[in-house]
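Let's take a look at the charged pairs in this one. Have the sequence and the 3D view open as you read.

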Amino acid sequence: MSFLRRRKASLNPGPPDSDHEEDEKEKKKLKRQQKKKRRKEKEKEKEKEKEKEEEEKVEKANSKGCRVAPKAKKWSCVDSCCWFIGVICSLWWFLLFLYNAMPASFPQYVAEAITGPYPDPPGVKLRKEGLTANHPVVFVPGIVTGGLELWEGRQCADGLFRQRLWGGTFGELYKRSLCWVEHMSLDNETGLDRPGIRVRPVSGLVAADYFAPGYFVWAVLIANLARVGYEEKNMYMAAYDWRISFQNTEVRDRTLSRIKNNIELMVATNGGKKVVVIPHSMGVLYFLHFMKWVEAPPPMGGGGGSDWCAKHIKAVMNIGGPFLGVPKSVAGLFSIEARDIAVARAFAPGVLDKDVFGLQTLEHLMRMTRTWDSTMSMIPKGGDTIWGGLDWSPEGYYNCSAKKHKTNDSIKPCQNDKRSQSMKHVNYGRLISFGKDAAELHSSKLDMLDFRGSLKGRRSHMNTSTCDIWTEYHEMGVEGIRAVSDYKAYTADAVLDLLRFVAPKMMKRGDAHFSHGIADNLDDPKYKHYKYWSNPLETRLPHAPDMEIYSMYGVGIPTERAYVYKSTSQSECYIPFQIDTSANGGDEDPCLKDGVYSANGDETVPVLSAGFMCAKGWRGKTRFNPSGIRTFIREYEHAPPANLLEGRGTQSGAHVDILGNFALIEDIIRVAAGASGEDLGGDRVHSEIFKWSENINLKL
Amino acid sequence: MSSVRRRRGSEAQSKEIQAEENNKEEEEEEKEHGEDDNDKNKKKKKMKDEKSKEKQEKKRKWSCIDSCCWFVGCICTVWWLMLFLYKLMPASLPQYVTEAITGPLPDPPGVKLKKEGLTAKHPVVFVPGIVTGGLELWEGHQCAEGLFRKRLWGGTFGEVYKRPSCWAEHMSLDNETGLDPPGIRVRPVSGLVAADYFAPGYFVWAVLIANLAHIGYEEKSMYMAAYDWRISFQNTEVRDRALSRIKSNIELMVATNGGNKAVILPHSMGVLYFLHFMKWVEAPAPLGGGGGSDWCSKYIKAVVNIGGPFLGVPKAIAGLFSAEARDIAVARALAPGFLDNDLFRLQTLQHVMRMTRTWDSTMSMIPRGGETIWGGLDWSPEEGYTPSERKQNSNNTQLTGQETNKTNVNYGRMISFGRDVAEAPSTEIEMTDFRGAIKGHSVANTSCRDVWTEYHDMGVEGVRAVAEHKVYTASSIIDLLQFVAPKMMARGSAHFSYGIADNLDDPKYQHYKYWSNPLETKLPNAPDMEIFSMYGVGLPTERAYIYKLSPYAECYIPFEIDTTAEGPDEDSCLKGGVYTVDGDETVPVLSTGFMCAKGWRGKTRFNPFGIKTYIREYEHSPPANFLEGRGTQSGAHVDIMGNFALIEDVIRVAAGAKGEDLRGDQVYSDIFKWSEKIKLRL
């Protein structure tokens, strides 16, 4: 539009095309003189040029237009293109200029005009209430969200020194993807750096404030804390390399020592005020590990003494913590699939998912993620006791659609048969079933063949040319694969065996660093080993009766809980299992969708995992919590953003987006400013976590 | 070019006709809107005629706008094409080109020393200097909306151009306290990113970091001791706990690196900051860090000072006195050329001056030691220095200056009003004392009031009194600044001191204001520690100034450097009103070298425990060609951080070498000769 206007306006100063036009312009007496002069000059110049052209193209030189309108030129396709690009560019720049000239608060005005005035951000609101920075704050980011940068690389990564390989724009992933995969992978035996490659976590608040440009992780929380007076001297980002096992972060990078040191420093320089720790996602497990490490004696631990936590920590505010693991990680490790797997799928864009490409990409990703020990920290813990057996599960009768009504979701058909669904029993306990019928049959009817003893076929008929990519599936052979699928249904316990069968090397590394069981006797000296430290069911909380533990998480979003698998029937170079996306529950079982049974949660972590420890496992004085640390559950009902302008929403309950949830931020700021759990109003529960916890028979 | 070719090639295409017709119709329509009815009719007729006639013709009419668009389009296309090619280019291509031209490049020191088998040993701490560290906004006024945690200083400086007055407001500190003004919190960036690059492509520490990384350093063994370089050293602790953080991080790194002591690398003002730190950390708790009297010997292997202004910088005077200096890094870089002209200039300079004067740290670099160090009216340690002498050695092009007249330059007169005064013998100068002069009450019209400098309080008499004193030496300059800017100096003298101690055991020297002055403190009890002073030489460096009164109206800085004062020939020390001497372009050799050459050499009263000192000078040589960027042999104040010889020395020390392993001193300048002339009781 603006362009048209401009073009019109420029007709006047533009060169005349004919005598006729000249007449017209004589009527308009403005600027006549100038134009004449200019025209004469131009005519002279152009005529000279034209003479040359005329020699070349005699047949065209005769034309009248050429003589009268000296500026006329050939309007070719390329010219049109150039012209077009020019217009686009000019417009773009113009808009960009306008955008830059626009006051920063403009979008807010527009949004307010549409939706009515915004609520104050929690930081502003609480500042008005008079809250100020009190306790220092420590952020512990989760898996994936922390940036990683290159410190030493191979030839192909030239020029990437101290550039982010993970986080930021991911530009290198697209430019040199193989090189990128090579550098992001760890050594398959040790789980540490491969020779000649050093990839290290970014440090400081920038490590995880934004994951990618515009995609906040901690930034909103940081900004709100800054409003009440926080700055870098009392905020600390405990960034660590989330690919390697927790203990290895200390062995390789001294990360745990750094965290300890920084917490001590902040407590000392802030007048002895204890810190409030805010772990998110896998950071929750990492911080459990830290609390055990810091009090353990030196060779293996930090040697802080048995009262370190009591002296330095006021509260641990876990956000979306997978205390008991995440079913999604099983799918991730088993076939690197998951409905919206955050670890890797996001980076395999749609195009790559197809055809031959797709398999290669997935296998590349699988090979890479399988070298990351940390993924194994999130395999479901507690086995059948927690996650349910073949015929029962704590969530037994969860009504998948009931929640949706409240949040006016678009899935309307479910409403009709609400009653019938609510009675439907879902076998959540079967984390993996082969075939939909296997998932639904009663256990007595299931025909399970034990896979554990079965022989793995040597890869006899492997054609080596195509499969240059290594995953352990190649060593399984056809028999192994058949044995796996013949077992039909896997519970949480069996899943561990399954993974050990399918990926023995990976699990060997994993078992050295993580444990997924339940302790019978916590006094057993074996539990002093670090591999138990991140499992809340095999450790005691520290002796810190004044400390508080919060579990804050979103609810109201269907979350992956169990999978229906099928074996793929393709050639050799592939992952032999995939989620049976054709398995849909339809109306009578809305929890099953595209091969995934979902339960209530925050889209990644089911309520059971995030809430159980604080709801029951640690509530009061239990054997896991001998000093009676108080626990609080704070649930945040998910509400999608009201409109596009709100971005990722201020009431979201999704796993990462919850870090922008105003209610959650308000709670955190209040605690950081000195409030206790009771001041917040104790528990705040929307889900049935307490009921479900009752279903779990765990010796406390 | 390519576009022309393309155009010709496509001329024959039949599409042209269509395009032509379309465009004609468009034009027609437009004209219909634009002209009145008569014209329209006429034109229509005409156009129809033309249409029929030109149907076969492949001519087009181009309006100006079309040409513009076409042009822009071409540029864009070509640009994208180039960009695409550039992206396709292997990253090592520039290197190949360079090597093809100049022969193979030497290995960077990190690679070279890795081949020698050196590995990371001692943890390394960087202490950046003034200006080079990034600052970011944590809380601001309305006008700074959307800048939360964005860099106000460092990076692209985009905001300086977009909203300059807002920027100056946020960068300024409170005029009374030297701390944050209410409602504004600007804080140093932390981590290695704080000062690896000052602006995109302008490295500070980045080259050194990259080379250290080659032999195995990473973030667990490197620490950037970033601090807010605007505020006074002690205030960084009071406000940000910066000193505590440094202490804690050094302790952590030593503990997690198998007890290997840290190697400290302070640069520029960071040198003074670290002197302050060493006193602070051993001082008892309320005022100091309470680390105990052996902290330094337990945790520090060596302090490798790079370009350290131990005794201050004459440039700081010009900066404080009139916000001028030949290439003042502090502020001038931000007042781009076009703002330097006419009325603009004065306002800008005054804005800049008002801002920089709230920065206490600038006062840490006022020359210390007075006339004892910097020379009196008739003598100076460097007298007899001829710049051409050493230039010849470094096969410079300026061979003409061989027969420079050997007239002594009175470097001791740091500020002289008029060139004749600067050269006359002291007996002929009539000095009127300004100290008692009455400051006229400001007759300034209040319109200038929005730009605050203390000159408005001085009045005409005060200004005249200053000018009539004619000549200022290092000691009288302190008085001058106190007269000219009493409020600023009141803040400054609470945090810094510029004298020489008579008796170092005097309990008053336990106050923190003396801690950054090497002439008023003792080095810590750490006999195993080593102190290096590394700096560039061979560049003319500001040493003394010729001033004049500026003849403007009320709203101005009443003094300016007399840029018309030039030396007799192009090789002389006087240029543009500035006397220069050997140095690294910012700090004269005297200031960087004296303490290590004499003040601390052996066991002196300033160094009672005999810490070993070494001087490492690096002769400046400009980059051989354009492709080398800022050069690998530079001796300039900041560019020296990319000097391969210096980096090699630093890496060797970090990997465990001692001063003797580096073959002790490496000296090109006359620093030892000059130091001998300074009569300082040791």
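## A bridge between chains

In this predicted model, E139(B) and R127(A) join their side chains in a salt bridge, 3.1 Å from N to O. (A salt bridge here is a side-chain nitrogen of Lys or Arg within 4 Å of a carboxyl oxygen of Asp or Glu.) The pair crosses between chains: E139(B) sits in strand β2 (residues 135-139) of chain B, and R127(A) in helix α8 (residues 122-128) of chain A. Helices (H or I, at least four residues) and strands (E, at least two) are DSSP runs, numbered from the N terminus.

E139(B) is buried at 17% relative accessible area, while R127(A) is partly exposed at 42%. Buried means under 20%, exposed over 50%, and partly exposed in between, using a 1.4 Å probe and protein chains only.

## Two pairs within chain A

R243(A) and D241(A) form a salt bridge at 2.9 Å, N to O. R243(A) is buried at 0%, and D241(A) is also buried at 0%.

R670(A) bridges to E666(A) at 3.0 Å, N to O. Both belong to helix α26 (residues 662-672) of chain A, four residues apart, or about one turn of the helix.

## How many in total?

Over all chains, the count comes to 50 salt bridges.

## Reading notes

Residues are numbered from 1 along each chain as its sequence is written, with chains lettered from A and ligands numbered from 1 in the order in which they are written. As this is a predicted model, local features need pLDDT of at least 70 and side-chain atom pairs count only at pLDDT 80 or more, while totals for chains, interfaces and linings use all residues; side-chain values use heavy atoms, leaving out hydrogens and water.
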